[in-house]
Amino acid sequence: MRTRRFLTLVVLLAFVLASVLGCTSEAPKPEAKPATPPPPSEIKIGVYEPMTGSSAAGGQMTWEGIRLANKLYPEVLGQKVVLNLEDNKTDKSEAANCVTRLIDQKKVVAIIGSYGSSLSIAGGQICKTKQIPAVGCSPTNPLVTKDNPYYFRVCFIDPFQGKVMAKYAVSNLKAKTGVIIKNVQDDYAVGLANYFKEAFVALTGNSKAILTELGYNTGDQDFTAQLTKVASLKPDVIFAPGNYGDSAIMIRQARTLKINAPFLGGDTWEAPDFMDIGKQAVEGATFSTHYSVAATGTEVSKKFVEAYKTEYKKDPNAFAALGFDAYLVILEAIKTSGKADPAAITQALTKTKGFKGVTGTITMDENRDANKSAVILQVKNGKFEYLTTVEPF
Amino acid sequence: MTINLFFQHLANAISLGSLYALIAIGYTMVYGILRLINFAHGDLLMVAAYVVFYAQGIFHLPLLPSVGLAVVLTTATGVIIERAAYRPLRNSPRSTILISAIGISFLLENLAIVVFGGRPKSFPLPQWLDIGSAAQIGQVTIENITFAIPVVTVTLLYVLLYIVQKTKTGMAMRAVAKDFETARLMGISVDRIIAVTFSLGSALAAVGGIMWSMKFPQINPLMGMMPGLKCFIAAVFGGIGNIAGAVVGGFVLGVVEIMIVAFLPDVSGYRDAFAFVILIAMLLVRPTGLIGEKAAEKV
């Protein structure tokens with residue numbers, strides 16, 4: 001009887017421990033608060049990113065960039081900047097909870113995040129209600145900042161990204177027909193697919209150029225039914241925005257089913273895991289993203305690349321670069337407003353103009369989006385190879 | 001739709017359906033004996049997949065020994081779970097054990113996130129199962145794994161039916177399923193029989209998890225959730241508690257999922273919803289499932 005109780009207790013303890021660790025793994029421990037609060041000597045910035053779940057690679061890459069920026073620029077207005085990380089587990093409701101926790105418990109003055117437009121939209125609602133400014137690193141869906149005066153971003157948006165890939169398909173690949181396979185639960189994939197379709201139809205001048213649009217759900221691993229349908233239509237290109245893991249599995253199955261049409265996608269494919277899982281099947285897969293080491297030469301980007309290589313012993317990626325920029329943009333806003341106050345920071349962020357970031361010059365337009373160029377990358381010999389830079393048009 | 005296209009869809013459906021069937025068997029067996037829906041079953045798939053991943057990636061074991069190791073370790077995990085989380089609750093209301101099973105499921109998922117990390121990993125495959133490994137029959141392309149899964153499923157099904165129907169332990173299992181108390185009075189060690197049931201169920205989960213990862217070579221700590229749910233549907237559809245029913249349910253689910261995309265491409269994004277609609281419809285029309293036993297409630 002006693003051992004039985006003991007075992008139950010052990011399991012319960014392990015469970016509690018695991019759930020606690022699961023939420024806050026890698027998060028810097030919040031400092032213990034003294035009994036009588038002295039004037040704040042530190043500025044708290046919250047970060048919510050998917051550190052686990054299907055978008056974990058994206059969240060982890062972004063966090064690396066944010067942490068690096070914090071290490072290089074640890075102070076503003078003579079106060080220390082402390083980062084508080086929350087893992088949103090690639091889950092919409094968890095994303096909203098994370099933002100609530102950051103604001104109510106950690107008392108952050110600004111928030112960075114999140115990889116994944118659906119997650120940012122969910123978190124953004126809380127920022128709006130509680131009037132705390134947030135800067136997104138890579139959520140590209142227009143709805144993230146639309147009608148939300150507290151949400152900003154340092155990346156371009158999907159109407160542009162969709163146009164870039166449609167133009168690439170039509171002018172470089174001479175594509176006349178295409179199909180779309182998208183994750184219908186993912187705001188990012190649905191939005192990007194629509195913008196691609198619009199641009200592709202306009203560029204080919206054929207309203208039936210997109211032969212069909214097929215969908216799947218988060219967590220689906222079997223795409224053979226969709227792909228068999230695609231094979232029967234014989235399209236010139238396949239546009240398949242979605243997360244890196246599921247897309248890699250899809251492309252593997254396509255190659256096994258002897259579908260040889262090129263696969264095109266969006267910025268979420270930029271993760272080493274895309275090639276680990278897809279192996280030689282993803283060779284030739286082409287996508288647009290925010291930044292490439294090969295495409296830059298500004299002062300701050302050189303500093304970033306160097307620091308990143310010494311810190312993490314690998315080449316930087318777009319998400320780390322955007323995380324780095326998001327942190328710096330907030331820091332700049334705190335500096336110009338002269339105080340770490342959410343309302344003042346929001347005001348200052350609105351006026352961000354010509355900020356020289358790693359990923360380009362950042363100017364917030366009236367929708368709080370950054371108007372920037374895109375780069376196109378392609379998988380070649382198991383590496384991302386830089387193809388070209390596309391300026392806003 | 002051309003005849004070739006139809007056969008291609010059918011091949012895809014059989015491939016997916018046999019995988020569902022394999023996992024559903026484990027679900028239904030544990031339920032048949034204990035009247036417990038083991039929600040941690042899906043997470044045992046994940047445990048087995050990670051054992052194979054690490055056995056091959058770090059210890060460089062060949063495929064078969066790592067599969068053997070995975071089956072052994074997953075079985076051990078299943079038995080430990082039963083001992084620690086289910087046995088102490090044997091005399092509690094059934095819903096208590098159900099909640100305990102959900103707790104174990106969360107425990108395994110979160111432990112896996114802490115231990116293995118949240119990023120998906122690429123599952124190592126032997127050459128004959130890797131990209132492009134497929135047989136061509138006329139115009140129909142069939143992945144090699146598609147041949148392996150039904151063979152494994154049917155073999156395990158027969159082994160299991162043999163154990164349950166023909167051996168002394170199997171007879172004891174059936175007796176325990178009918179009535180705990182009477183079985184105990186007849187001199188059957190109920191605890192031991194339940195442990196055996198769990199180890200069989202976990203071994204099935206291990207094989208299912210490995211087959212799943214071979215078909216979809218991307219593993220992550222939450223990978224067991226969706227197959228767990230789908231195969232639960234398959235088991236209920238076929239008649240939970242009935243081993244042959246689980247196989248039928250698995251195949252039906254696979255065929256329905258593929259054919260919805262094939263015939264109604266516009267709603268292809270909602271095929272999971274169809275799986276759940278089928279479950280609800282079945283529960284309304286035939287609560288005991290397709291070939292489920294008549295409500296043989298214990299008195």
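**Figure 1. Buried residues of helix α4 in chain B of a predicted model.**

**Figure 2. Span and end of helix α4 in chain B.** Helix α4 of chain B comprises residues 94–116. After α4(B) comes B:Gly117, which has a positive phi, near 90 degrees.

**Figure 3. The fold of chain B.** Eleven helices and four strands form the secondary structure of chain B. The C-alpha trace spans about 60 × 50 × 35 Å along its principal axes. A compact globule of 299 residues would have a radius of gyration near 19 Å; because chain B has 19 Å, it agrees with that expectation. Of the 299 residues in chain B, 51% are buried. Among contacts in chain B with a separation of 6 or more, 75% join residues 24 or more positions apart.

**Figure 4. The side of chain A that touches chain B.** In this interface, 45 residues of chain A are in contact with 37 residues of chain B. Elements of chain A that give two or more residues to this side include α2 (56–72), β8 (210–216) and α7 (224–233). The largest share, ten residues, comes from α1(A). By residue class, this side of chain A holds 17 nonpolar, 19 polar and nine charged residues.

How values were computed
Residues numbered from 1 in each chain as written. Chains lettered and ligands numbered in written order. Predicted model: local features only at pLDDT ≥ 70, side-chain atom pairs only at ≥ 80, totals over all residues. Rg over C-alpha atoms; globule rule 2.2 N^0.38 Å. Buried ≥ 20, exposed ≤ 12 C-beta atoms within 10 Å, placed from the backbone. Contact = placed C-beta atoms within 7 Å. Nonpolar A, V, L, I, M, F, W, Y, C, P; charged D, E, K, R; others polar. Expected span 1.5 Å × (residues − 1).
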